Structures are given as structure tokens and as C-alpha cells.
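Here's a quick briefing on the model below.

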Amino acid sequence: MSPSKTHVSLRPWTSYLWDTWDKPEAERRFLFKLDACLLTYAALSHGNQLNYITTAWTCGYVIGQIPSNMLITRIRPSIWIPAMEVIWSVLTMVLASAKNFETLVAVRFLVGLAESTFYPAIQYVIGSWYKGDELGKRACIFHVCLVLSCLSVGLADGAYNGLNGVHGLAGWKWLFIIDGIITIPIALLGFVIMPDLPSTTRPSIFYTQEQIDIGKRRMEEIGRKPPAAFTRKKILGFFTTWHIYTLFNNGGGPANSMIFWLKSFNTPGHQVFTVGQINTYPLGIQAVQVVTTLSYAWWSDIVRARWPPMLFAGTWSMITCIVLASTPLYTHITRRWVFYYFTGVQSGLSGLILAWANELNGHDNEKRSFIVASCNMWAYVMQAWLPIVIFPQVEQPRVLKGNITTACINFGMMSFAMLTLYLSRRDQRLAAKRRASTAPSEVSEDIALEDESDADSKKSKAAEVTEVTNDIPVPVLASEYRCATTSV
């Protein structure tokens, strides 16, 4: 085979359904264990949805993400993540004992601070184990589990109404207590089944040394580096790289507007939708989000690219916002209903964006951890204030300004996706040129050393004839001191 030709192996069709089915048996068994442990724990340990709407929680959540992801490169994830989950679970139960507003705000801030460790840390750990044709599915399955946890709101309403006043406690206090009681056992399970990084995982009942070695080899094959020492140059490099400025993790649509739209049909003395219907019908938005998120995951893993689903979802979301902005509230009810369900088509891109961040920064473990946390942090910085500005309650359910602004945000997300694609390909071309420019000099050096070796050999034979003893230097091959070129 000539060097200019590339051998492309055909994959069996079953591998497109699930990526482990075409792998060797030992690797397949290892990935099954990894999926069972990591994804099961990630799915069960969903966030504390009760605090998402509070500013105090959001402040803690934003502040804690980057420091936590930096620490997790030094502290074993199987210790750090479950320990933080125990802390936020206990603090959640403490909320039930709050006697004043100041205590409530302070504890919610601490809950957000502890919980900030979870989502970006799990995405970083997922990126430490899986290859490109596997990573999108795992990142998005984890994200989908968080969406499904939102569907448990109905159970929370039942607990609130059923336990309100029991033992003198208000219903909302019982919700905090129940949340903590459920979450603590899951956190304790994490100490047992949560894997560390390939370089720090120890043999156990879940992973043999052979399987850990498979995990290390897999990451070496794709150039994803293990943890290394922090240096001043490395840390400054976090802020001078283009990755921190182009990976865009915001988007979505006016998901809550459907609730206000349904409420607007009810007038004094005339009820069209009951409270249960108003709370239940918008759940179709989450259903659409689950289906589209998983579709994007499989699609991106099959084509080995994250940007095509991003452009597709962004375009779909832009069209949705334009239709909602231009459609009358009550004359095209079916059309508006359908397009309200479409407002979730882009919300599941977070998993793909963070998967892309893991791939683009695989050459530097600490930078990869920083960029993953930074993407998620800035998403919450925007979400903390932007919806209040563009979707004010007094303008619901039409929110013309919000729909137009969201369409523009989606366009920005697609533009940054294409910029990221351009810059990543530019870096690949530059790395290829560096390798190409290095190769001729190495070949020349090898030839020169071979000539020197031949000359030394001739001198040696002449010395033997004249019985003169000399120390003949042994030539050192250039391959012994070549430097590997790392792609950025």
C-alpha cells in the first residue's frame, strides 16, 4: 500500500446501533462494565431541581465549577464527586430547618457550590474514557437523564400535598428532607462504583488490571493525555487559547411560554384547562428534547463530527422561534401547540458541545478539564439573567422580543460552531506541516549517521589488520532522541 493511500475498514451495521458491538471481546466487556458503573451513577445522581430557580443557588453553582474541575485532576473522582453529593444532600435537608430568609439563602448558596462539582466533572470523566465514536452517546445519555429527572415534578407535587402539615412541617420542608434521604444512598454508592481516570483507577471487583490497561491504551491511541503538572505557562495557556472563546454552550427556546399560553385560555368563570393539564401538557417539550438529544448523539458519533447536529438543531430552533413570533396566539392553535413542543429541539446540545470540548483539548488534560467547566459555567452565567430580560412574565405568552432574541442566539451558536470547526482544522493543518517539515531532516540525519557508521566500520577493519587497538564510537540512531510532535 502506498503511503498516500489510507485504508478504510468497513464497520458492521450493528456498530451503528451501539458502538461496542464491533470491538474485540475484552474491550467490549470492559466498556460494558464502564458504562454500567459510570452511567448508572451519573443517571441516579441528578441535580437538586428544587433550587434551580434561586439566584443564591446559581451564584454558588457558577463559582464552584472551574475550581472543582481543577481539583478533580488531582483528587480521585470516585472520592470527590460522591463526597460533594453527600454534602449537598445533607445541606438540602438542612434547608428544612431554616428559620429565616438569610439562612435559607446562605444554605442554598452552599448547596449550589457543592452541586457545581457534578455535571462538568462527570462530563470530564466521560471524556477521559471514551473514544470519538462513543463519546457523544455517553455525554448525551447523561444529559438526557437530567432531563428525565425534571419529569418527576409530578411526584414532588404529590409529596407536597400529601405531607403538608405532617409533624408540623410544611410541604416544602418535606420535599427537602425526602430529596436528601433519596440522594445520600446514591452518593454512598458512588464511592463504590464511580471510576477514576484511566491513570488513577485501581484494580477492584469492577475492573481488572488488564481492563484498566485497555482503558489507558485506548486513550493513548487517540492522543488524550493523562494528568500532568500545573505550570505557570500551562495555566496562562488556558486563557490565550481560542477554545475558551469559541465553544458556545447556550441556546434553546421559550419553553415556559407554553404554560403561560395555556393559562391565558382560562378567564374568570370559564376554565378551558385544569391545573393538572397546564402542568402536564408542556411535558411534551421534554419528550421532544429526549428524542432529539439521543438522535444527535448517535448521528454525531456515526459521522465522527459534532457540528452537523448543531447546525441542524440551531436552524430548527430558529425556525421555531420565528413561527412562534409570527403566529397569532389563538387563531392557529394546532400550529402553535406543535411549535411549542419544538422549543426543546436545541436544549440537548450541551452533551455534544462538551464532548467536542473533550476531543479538541485531549492533548492537555488540565486544559480539557478547565474548558469543559468553563463552557458549562458561562452557560449558567447567561441563563441566570437573560431569560428574565427577554422573557418577562408581563409579556407572556407572546414574548415577541424573547423569540427574536433566541433566534439570534441560535444563529450565534451556529456561527461559533463553524468558527470552532475552522480553527480546529487550521490547527490540524499546521500540525501536519510541522510533521512534514520535520521528517526530511530526520531522514537526512539517519543517512548521515549510517554513512558515519559505515566509515567507522571500515576504520575498524583497517585497525584489525594493522593490529592497532582503537575505541570505536557506537553511532546513536536519530530515532532514540526524536521528539514526538503533539497536535493541538
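Which side chain meets that of Asp19 in a salt bridge? Arg138 does, with an N to O distance of 2.6 Å; a salt bridge here is a side-chain nitrogen of Lys or Arg within 4 Å of a carboxyl oxygen of Asp or Glu. Keep in mind that this is a predicted model, where local features need pLDDT of at least 70 and side-chain atom pairs count only at pLDDT 80 or more, while totals for chains, interfaces and linings use all residues. Residues are numbered from 1 along each chain as its sequence is written, and side-chain values use heavy atoms, with hydrogens and water left out.

**Salt bridges**

- Asp19 sits in the loop between α1 and α2 (25-44), while Arg138 belongs to helix α7 (residues 132-150), 119 residues apart from it. Helices are DSSP runs (H or I, at least four residues), numbered from the N terminus.
- Both Asp19 and Arg138 are buried; on this scale, buried is under 20% relative accessible area, exposed is over 50%, and partly exposed is in between (1.4 Å probe, protein chains only).
- Arg138 also meets Asp35 in a salt bridge, at 2.9 Å from N to O. Asp35 lies in helix α2 and Arg138 in helix α7, so this pair ties together parts that are 103 residues apart in sequence. Asp35 is buried too, as is Arg138.
- Arg76 and Asp196 make another salt bridge, again with a figure of 2.9 Å, N to O. Because Arg76 lies in the loop between α3 (55-71) and α4 (77-94) and Asp196 in the loop between α9 (171-193) and α10 (209-221), the pair ties together parts 120 residues apart in sequence.
- Arg76 is partly exposed at 26% relative accessible area, whereas Asp196 is buried at 3%.
- Through shared partners, salt bridges join Asp19, Asp35, Lys137, Arg138, Asp301, Arg306 and Glu359 into one network. The overall count by this rule comes to 19 salt bridges.

**Nonpolar surface patch**

- Trp13, Tyr16, Leu17, Trp21, Trp299, Ile302, Val303 and Phe312 form a nonpolar patch on the surface, with about 820 Å² of accessible area together. Patch members have over 30% relative accessible area and no salt bridge, and nonpolar side chains (Val, Leu, Ile, Met, Phe, Trp, Tyr) are joined within 5 Å. Areas come from Shrake-Rupley with a 1.4 Å probe.
- Two or more residues each come from α1 (14-17) and α15 (283-303), and α15 gives the largest share, three residues.
- Trp299 lies in helix α15 and is partly exposed, with a relative accessible area of 31%.

**Helix packing**

- Helix α6 (residues 118-127) packs against helix α18 (residues 350-360) at an angle of about 55 degrees, with the axes 10 Å apart.
- That makes α6 and α18 oblique to each other, a class for angles that aren't under 35 degrees (roughly parallel), over 145 (roughly antiparallel) or 65 to 115 (roughly perpendicular).

- The peptide bond from Gln396 to Pro397 is cis, with omega near 0 degrees. Pro397 is in the loop between α19 (365-390) and α20 (400-465).
- Val399 lies in that loop between α19 and α20 as well. Val399 has a positive phi of about 35 degrees although it's not a glycine, and counts as buried at 1% relative accessibility.
- Arg304 is another non-glycine residue with a positive phi, near 60 degrees, and lies in the loop between α15 and α16 (307-326).

Methods: Patch = residues over 30% accessible without salt bridge, like charges linked within 9 Å, V, L, I, M, F, W, Y side chains within 5 Å. Axes fitted to C-alpha atoms, helices over the stretch in contact; angles between N-to-C directions.
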